[in-house]
Amino acid sequence: MKIFNFHLMPYRHADLDAIDKNGSAWVTYSNRHYDPRQGAELYHEYLDQMEFADTLGFDGVCLNEHHQTAYGMMPIPGVLAGALARSVKRAKLAILGRALPLLNNPLMVAEEYAMLDNLTRGRFIAGFVRGIGAEYHAMGINPVISQERYAEAHDLIVRAWTETGPFAYEGKHYHFNYVNPWPRPYQTPHPPIWIPSQGSSSTIKWAAQKRYTYAQTLSPIAVVARFFQMYRDEAEKAGYEASPDQLAWSNTIYVAETDEKAMREAKPHLEALVNQFLKMPVEMLLPPGYTNIESMKRVRAAKVTGKITSIEELNKTGVVIVGSSNTVREKLAEYQDLAGFNTSLTKTQFGTLPNDMTRANMAAIAEEILPHFRNRLPQGKQQQAAAE
Amino acid sequence: MADHTTTTVSVRGCNIKLMRGGSGPPLLFLHGSSGAGAWLPFMQSLATRFDMIVPEHPGFGPSDTPDWLDTIHDLAYFYLDVLEQLDLDHVHLVGVSLGGWMAAELAVRDTHRLASLTLVDAAGIHVPGSKRIDPFLCNDEQRIRDFFYDPARADEMIARVLRPELEDVTMKNRIATARLAWQPRAYDPHLRKWLHRINVPTLIIWGANDRLFPMEYAYVYQQLIPGSKAVVIPECGHVPQIEKPDVFVSELIDFIDGMRIAA
């Protein structure tokens with residue numbers, strides 16, 4: 001298994017009571033709560049952690065994109081990827097991903113990603129997402145045309161990477177007389193494309209057909225296993241057998257000497273992530289047209305956005321793995337076999353977790369978890385387990 | 001008392017629901033973001049004087065969502081096609097909210113089949129500095145509450161429309177509204193450049209307590225449309241035709257009657 005260090009770069013000094021009072025850390029949570037002195041320190045702290053991950057032997061480091069929120073300070077992840085492209089010497093560098101429909105000019109992502117692929121001499125992984133619903137409020141992009149803009153932007157970027165320019169592109173949303181980006185990507189035909197999603201069946205099907213790596217975000221492991229089985233089924237329908245390398249699980253891991261100590265230490269920081277940083281009303285998460293009526297009704301009925309979640313519940317359902325190194329090894333192996341993935345996108349910093357605890361966690365994972373998984377593949381049973 | 005019929009009409013391959021009742025000069029009513037689900041009391045009142053024609057827009061209710069539907073302009077042209085297909089002349093065009101924007105967009109393009117235009121708490125323009133609530137960032141109940149001045153009327157409406165069996169159609173209407181009005185938020189920055197082209201008698205009716213498009217919108221529309229007249233209804237929110245149906249109907253009839261006398 002490959003284990004990546006996935007950072008959300010939260011503004012961890014956020015006033016949690018103020019977030020509760022506002023109802024969300026997104027869009028309407030005033031940026032007067034952002035202190036540039038503290039924010040600047042956080043950027044350096046987090047970039048140092050990513051460089052630390054590289055020296056510790058993590059297989060990759062991951063960034064992502066969110067707008068107008070204390071949840072993550074990476075509206076333009078390419079800036080941070082640029083900072084890391086030379087200092088992260090060995091690990092892969094992934095942006096998971098840029099939110100294509102928010103862009104009025106997706107050619108700029110073709111350019112940005114090609115530059116990063118050149119700078120890292122081919123260690124770059126290109127993630128494409130639609131962005132969550134809140135982004136459509138924050139960036140003034142119509143959610144109703146999100147899916148068609150995503151499809152069109154994706155096609156344009158891949159063509160820009162693979163066809164000799166210049167050529168003309170005439171879509172519904174994007175029009176160019178000259179598509180001829182310099183530089184071209186370092187990797188042939190282009191950097192690996194990874195697709196993070198919450199588990200939309202149409203996205204899973206599309207990713208499987210395209211043979212893109214599918215990354216499942218924040219979900220209980222049983223749900224992850226079901227979605228990964230869906231991917232394998234779609235791959236089979238498309239006439240090939242999916243490799244575990246095409247499946248990545250996004251999780252959180254915290255290791256301490258004992259299970260009890262790990263839970264106690266992680267609790268306030270992890271609960272701040274799910275109950276404050278992630279919190280938003282359903283109308284912010286799901287603006288009209290962002291998804292079809294059926295999925296919208298499903299999410300509304302599940303009332304996922306209002307629930308207060310405890311670390312005990314997150315750990316029990318396998319959204320996260322918190323415990324002693326022994327427990328973490330056991331669970332990670334169990335989950336790998338259950339769901340059949342070969343990449344773990346692991347948040348080692350989460351919510352309000354301070355720097356010293358994060359670095360201790362990273363060092364513990366590097367020492368006590370990574371070596372046991374380096375050559376470990378999912379073992380056999382995942383197909384039947386996921387079908388149950 | 002005039003009754004009404006509900007039929008499906010196909011306009012250049014797009015099927016829409018059409019309610020029609022009463023007799024007299026034609027009055028084409030363009031609904032707002034909530035669709036045109038029911039034949040409402042104000043429609044019945046107007047049907048005593050007019051051939052009351054109430055289509056449900058493409059994208060809303062049971063009407064088709066055609067591939068060509070992208071912007072409000074598509075619906076302005078669509079209703080010009082509707083006027084032609086139904087062969088309506090001397091039409092009194094009345095649009096509320098989103099439908100008011102549509103009516104204004106139609107009228108700047110072509111008024112030759114229109115006798116008059118009435119805009120009711122209409123979207124379509126932007127008034128800098130005017131404070132508007134964001135109907136896309138509140139829940140269904142709050143959104144309906146924001147339509148009304150009188151909370152009791154809001155309660156009635158909430159009980160009437162927020163029912164599980166209406167959930168699908170409510171979501172469909174929300175999607176259609178977002179398609180047309182998400183960005184820019186319920187206006188076209190170019191519309192105000194061409195409102196001077198409207199050359200039929202125009203009435204602007206506004207709820208004094210509209211929180212979606214505050215009263216100053218009425219006066220800006222009134223300044224931009226030559227010869228238009230603005231009427232503000234006190235103690236009334238965004239939907240005068242529902243909150244103050246009697247005042248709404250009498251203002252509209254007075255205007256149309258007065259127009260005849262003047263002509």
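Helices (H or I, at least four residues) and strands (E, at least two) are DSSP runs, numbered from the N terminus. Axes are lines fitted to C-alpha atoms, for helices over the stretch in contact, and angles run from 0 to 180 degrees between N-to-C directions. Contact means that the C-beta atoms of two residues, placed from the backbone, lie within 7 Å.

Keep in mind that this is a predicted model: local features need pLDDT of at least 70 and side-chain atom pairs count only at pLDDT 80 or more, while totals for chains, interfaces and linings use all residues. Residues are numbered from 1 along each chain as its sequence is written, and chains are lettered from A and ligands numbered from 1 in the order in which they are written.

Now, the sheet. In chain B, eight strands form an open sheet with mixed pairing, in the order β1-β2-β4-β3-β5-β6-β7-β8. Strands pair if DSSP finds at least two bridges between them. The edges are β1 (4-11) and β8 (229-233) of chain B, each pairing on one side only. From one strand to the next, the twist averages 20°.

Buried here means 20 or more other C-beta atoms within 10 Å of a residue's own C-beta; exposed means 12 or fewer, and partly exposed is in between.

Zooming out, chain B has nine helices and eight strands in total. Its radius of gyration is 17 Å, close to the 18 Å that the globule rule gives for 263 residues, so chain B is as compact as a globular protein of that length. That radius is taken over C-alpha atoms, and the rule is 2.2 Å times the number of residues to the power 0.38. Of the 263 residues of chain B, 45% count as buried.

Over to chain A, with 16 helices and 11 strands. For its 388 residues, a compact globule would have a radius of gyration near 21 Å, and the 20 Å of chain A agrees. Here 50% of the residues count as buried.

What about the insides? The largest nonpolar core has 114 residues, and those with the most contacts inside it include A:Val61, A:Leu93 and A:Trp194. A core is a set of buried Ala, Val, Leu, Ile, Met, Phe, Trp, Tyr and Cys residues joined through C-beta atoms within 7 Å. Apart from that one lies another core, of 74 residues, among them B:Leu46 and B:Phe248.

Last stop: how many residues does each chain bring to the contact between them? Chain B gives 15 and chain A gives 15. On the chain B side, they divide into seven nonpolar, three polar and five charged.

Conventions: Nonpolar A, V, L, I, M, F, W, Y, C, P; charged D, E, K, R; others polar.
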